[in-house]
Amino acid sequence: MKIIPQKKLSKNHNVSTESDSQLLIRYGWFFLFLIFLLYVSFWIISFLVVQFVSIEDEARYFWKWEFLELVSEQKIELPQDLQERYTDIPYTIELLDMDDVENAFAALGWKVYITEAFLQQIESYEELDFIIGHEIGHVENRDVLRSLISSLPVTVLLNMFGGNYGMTIFDSMIGNAHSKIHETRADRNAIDFLQQRNGHVGCALDFFKKSN
């Protein structure tokens with residue numbers, strides 16, 4: 001048997017010269033592009049959905065849904081004066097027993113939640129009207145439903161591969177931008193809601209000063 005000396009590979013031979021770090025960067029950019037494409041696709045779908053699902057249908061379909069599993073256990077009775085104050089609006093306002101959380105948020109099914117700790121920080125009915133009007137704005141602008149639809153596939157994908165770190169990156173890159181748009185529109189709704197109830201718009205400035 002004749003042994004043939006090993007041939008040297010030519011420079012044009014199809015062998016990758018990329019390092020592991022370069023490959024990682026390439027796949028990382030591809031993964032980010034995939035996430036962006038998914039988000040944009042479902043963001044467009046969310047606009048189509050709200051065209052066919054009216055706000056009344058949303059309330060009808062999701063009225064049994066809770067924002068979280070624990071919400072049902074943390075709900076406490078809304079003070080009588082607040083129950084009477086908001087009987088003229090078609091929204092369910094729920095008070096949550098969360099001493100360490102100062103927040104208010106909207107949920108599917110025409111629901112507005114406010115924590116007791118946050119309620120304790122409110123100094124006037126007008127401030128409360130502004131907060132309630134802000135959350136109603138999220139409901140009427142369909143922010144809750146659209147955010148759920150547009151972020152659901154991305155959330156699932158990131159939780160599978162990137163975990164909480166991936167969600168942090170997504171929120172920083174895309175989520176915060178849309179959140180600011182939603183918050184600005186909800187603030188306009190809050191001012192309109194306050195004016196409809198003959199409240200003083202200046203209380204909104206007091207609310208922002210305390211929040212900052």
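**Reading rings and a helix**

Tutor: At 0% relative accessibility, Tyr113 counts as buried (under 20% relative accessible area; exposed is over 50%, partly exposed in between; 1.4 Å probe, protein chains only). This is a predicted model, where local features need pLDDT of at least 70 and side-chain atom pairs pLDDT 80 or more, while totals for chains, interfaces and linings use all residues. Residues are numbered from 1 along each chain as its sequence is written, and side-chain values use heavy atoms, leaving out hydrogens and water.

Student: How many aromatic pairs does the structure hold?

Tutor: A pair of aromatic rings is described by the distance of the centres and the angle of the planes. Here there are two (Phe, Tyr or Trp six-membered ring centres within 6.5 Å; planes under 30 degrees stacked, over 60 edge-to-face, the rest tilted). Tyr91 and Trp110 have ring centres 5.2 Å apart and planes at 40°, so that pair is tilted. Tyr91 lies in the loop between helix H4 and strand S2, and Trp110 in the loop between strands S3 and S4, 19 residues apart (DSSP runs: helices H or I, at least four residues; strands E, at least two). Both Tyr91 and Trp110 are buried. Phe105 and Tyr113 make a tilted pair too, 5.6 Å centre to centre with 40° between the planes. Phe105 is buried, with a relative accessible area of 15%.

Student: And helix H6: how many of its residues are buried?

Tutor: Of its 16 residues, 13 are, so H6 is mostly covered. Just after H6, Arg142 takes a positive phi of about 65°.
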